[in-house]
Amino acid sequence: MTDRRKFLKTAALGGAALSLGINATAADADDEKNKKKKRIPLEPFKGGLVLSTWDAGISANQAAWNTLTAGGKALDMAEKGVNDTEADFRNLSVGLGGLPDREGHTTLDACIMDSNGMAGSVMFLEHIKHPASVARRVMEKTPHVQLVGEGAYRFAISEGFPHDDFVSEEAQNAWKKWLKESKYQPIINIENHDTIGLLAMDNNGDIAGACTTSGLAYKIRGRVGDSPIIGAGLYVDNEIGAATSTGLGEAVVRTCGSFLVVELMRQGATPQQACEEAVIRIQKRHRNFQDFQVGFLAVNKAGEIGAYAVQPGFTYALYKNGENKLFKSGSLIPSK
Ligand code: SD4
């Protein structure tokens, strides 16, 4: 309780001051506006909204928005939004163009959650272009939540997803260069991120989300990060809001990051406060937090958003009120 009070005080003092750069006002403005409001339950925002990680989020948001205007619901928005990033084979952190594991194979992780609390996930999936769509199929067509590896691949093929042998020359060249030293440090290069986590609200105020990645470059074969883990890389609770993460998955899994953010919102935190507290939790658990990046995004039922990261440089895209804009998140470690 003491910690929480301390955090809220810190957040109130520090949140706005730490936000930086490009249009760094979206989350802060929401936060200021709502400090005095009774938090729960919140009136649902019905204007439609898409919030997603990193610069590629702009294009993903547009794809999600097009799905909304074509009559899609939140779940369709989430799926089609991240499909846009998965299909971009130039992206080195998502889809079949992603950097491989240390044996040279690109393996994909993805999950999806709908407004009814249902979820689907695939991990360690190879040769399939749209893992997030396979995750949706797991959710809709099986009694399970998670499928992994060869089983996930066979399920995808049985559902009509084509086998895809695409190999990115750029990713393979980077791997061959890495092989010369084969020096794997479980420390993330903070520049090396692009995983897409996307949270979508439709015109009914319903929320869904998806998260998809090729995971950490040069990981041990079989390694799975936070992105396909429900509650870590993504969590949606249609009564409260949703959250997603990017960065060093191990740190997010250890703290049940996205679930934590949503539960903090349930207890009355704004999305911004919740993201900040989750980052502080990661800081407390990891002595080496200065060496890696983790970023969280959150949206609540009222359509207010939050964003916060360990390191500076985390960007996010927000499509709201007819505008699709890129913002720079605030961070625990200030930019130099
Ligand atoms: C993972 N969270 O596999 C992912 C990596 C990531 O941008 O976010 N990359 O740990």
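**From one threonine to the whole chain**

T213 is buried, with a relative accessible area of 2%; buried means under 20% relative accessible area, exposed over 50%, and partly exposed in between, with a 1.4 Å probe and only protein chains counted. The model is predicted, so local features need pLDDT of at least 70 and side-chain atom pairs count only at pLDDT 80 or more, while totals for chains, interfaces and linings use all residues. Residues are numbered from 1 along each chain as its sequence is written, and side-chain values use heavy atoms, with hydrogens and water left out.

T213 sits in strand β6. Helices (H or I, at least four residues) and strands (E, at least two) are DSSP runs, numbered from the N terminus. The side chain of T213 has a polar contact of 2.6 Å with the side chain of T195, and reaches the backbone nitrogen of G215 at 2.8 Å. A polar contact is a pair of N or O atoms within 3.5 Å; within protein, one must be able to donate a hydrogen and the other to accept it, and residues adjacent in sequence count only if both atoms are side-chain atoms. Leaving out residues up to four places away in sequence, T213 touches S93, V94, T107, L108, D109, T195 and S227, where contact means heavy atoms within 4.5 Å.

T195 leads on to the ligand. A polar side-chain atom of T195 lies 2.7 Å from a nitrogen atom of the ligand. For D226, an N or O atom of the side chain is 2.6 Å from a ligand nitrogen atom. T246 places a polar side-chain atom 2.9 Å from an oxygen atom of the ligand. On its own the ligand has 290 Å² of accessible area, and the protein covers 99% of this; accessible areas come from the Shrake-Rupley method with a 1.4 Å probe, and for residues only the protein chains shown count as cover.

Which residues surround the ligand? They are H193, D194, T195, G215, L216, R223, G225, D226, S227, T246, G247 and G249, a residue being near a molecule if one of its heavy atoms lies within 4 Å of it. This shell divides into 1 nonpolar, 8 polar and 3 charged residues. Here Ala, Val, Leu, Ile, Met, Phe, Trp, Tyr, Cys and Pro count as nonpolar, Asp, Glu, Lys and Arg as charged, and the others, Gly among them, as polar.

Next comes the sheet. Five strands form an open sheet with mixed pairing, in the order β7-β8-β9-β10-β13. Its edge strands, β7 (234–237) and β13 (330–331), each pair on one side only. Two strands pair if DSSP finds at least two bridges between them. Strands of a sheet pair through backbone hydrogen bonds, either parallel or antiparallel.

Within this sheet, β8 (residues 241–247) runs antiparallel to β9, with 7 bridges; A242 has V299 of β9 as its bridge partner. Strand β9 (residues 294–300) has 7 of its 7 residues buried. On one side these are V294, F296, A298 and N300, and on the other G295, L297 and V299. Strands β9 and β10 are antiparallel and joined by 5 bridges, and F296 has Y308 of β10 as its bridge partner. Their hairpin has 4 residues between the strands, and G303 there takes a positive phi near 85°. Strand β10 (residues 305–309) is parallel to β13, with 2 bridges between them; Y308 is partnered with G330 of β13.

Positive phi also occurs elsewhere. Most residues other than glycine have a negative phi. F124, in strand β3, has a positive phi near 55° and counts as buried at 19% relative accessibility. Y218, in the loop between β6 and β7, has a positive phi near 65° and is buried at 12%.

Helix α5 (residues 131–141) is largely enclosed by the rest of the structure, because 8 of its 11 residues are buried. The cover over its buried residues includes α4 (74–86), β2 (108–113), β3 (119–125), β4 (146–148), α6 (149–158) and β6 (207–213).

Over the whole chain there are 10 helices and 13 strands. Buried residues make up 60% of its 336 residues. Of the contacts in the chain with a separation of 6 or more, 68% are between residues 24 or more positions apart. The chain exposes about 14,000 Å², with carbon and sulfur atoms supplying 52% of it.
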